[in-house]
Amino acid sequence: MNVGLNKFRDTGYADLNFAENDALSIHDKIQNKFGLGDGSYCLTDKEATREKIIGCVRKIAEMAKPEDTVFISLSTHGDFLYNTENKPDFYLITTDSLAHDLATSSLPMDVLKSELSNIKAERKIIFL
């Protein structure tokens with residue numbers, strides 16, 4: 001799965017210049033050059049919502065076998081909020097993230113970590 005966001009709904013997050021192209025290029029290499037990519041997903045800009053990203057990770061978890069290698073790249077902004085213990089909780093910014101409602105509108109790293117743990121592949125390569 002490759003995710004790359006250049007533009008964000010919340011203008012509080014600066015646009016990126018190369019994230020979408022990086023995701024598309026990596027996806028192309030995996031699909032075409034290496035002949036891999038069953039169950040490969042590429043989400044860019046408007047497609048890269050919190051729910052779609054989680055949904056793709058769940059589909060990968062359903063398909064992946066222990067002997068597989070799973071490659072996931074996410075190119076976007078990150079942000080954080082301090083929790084009740086005054087420690088930071090980290091979030092990946094999705095296209096539908098809102099800075100004033102970070103906890104419910106973006107992708108918490110704890111949620112991503114939990115979803116990734118459901119993938120039974122022996123090898124997982126994750127780029128953030």
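So, what covers the buried residues of helix 2? The cover includes strand 1 (2–4), strand 2 (42–44), strand 3 (69–75), helix 3 (102–105), strand 6 (107–108) and helix 4 (109–117). Helices here are DSSP runs of H or I with at least four residues, strands are E runs of at least two, and both are numbered from the N terminus.

Quick housekeeping: this is a predicted model, where local features need pLDDT of at least 70, side-chain atom pairs count only at pLDDT 80 or more, and totals for chains, interfaces and linings use all residues. Residues are numbered from 1 along each chain as its sequence is written, and side-chain values use heavy atoms, with hydrogens and water left out.

Back to helix 2. Arg-50, Ile-53, Ile-54, Cys-56, Val-57, Ile-60 and Ala-61 are buried there; buried means under 20% relative accessible area, exposed over 50%, partly exposed in between, with a 1.4 Å probe and protein chains only.

Now strand 1, which holds Asn-2. Asn-2 is buried, at 0% relative accessible area. Which residues does Asn-2 touch, leaving aside neighbours within four places in sequence? Ala-23, Ile-26, His-27, Ile-30, Tyr-41, Cys-42, Leu-43, Phe-71 and Ser-73, where contact means heavy atoms within 4.5 Å.

For contrast, take Tyr-82 in strand 4 (residues 78–82): this one is exposed, with a relative accessible area of 54%.
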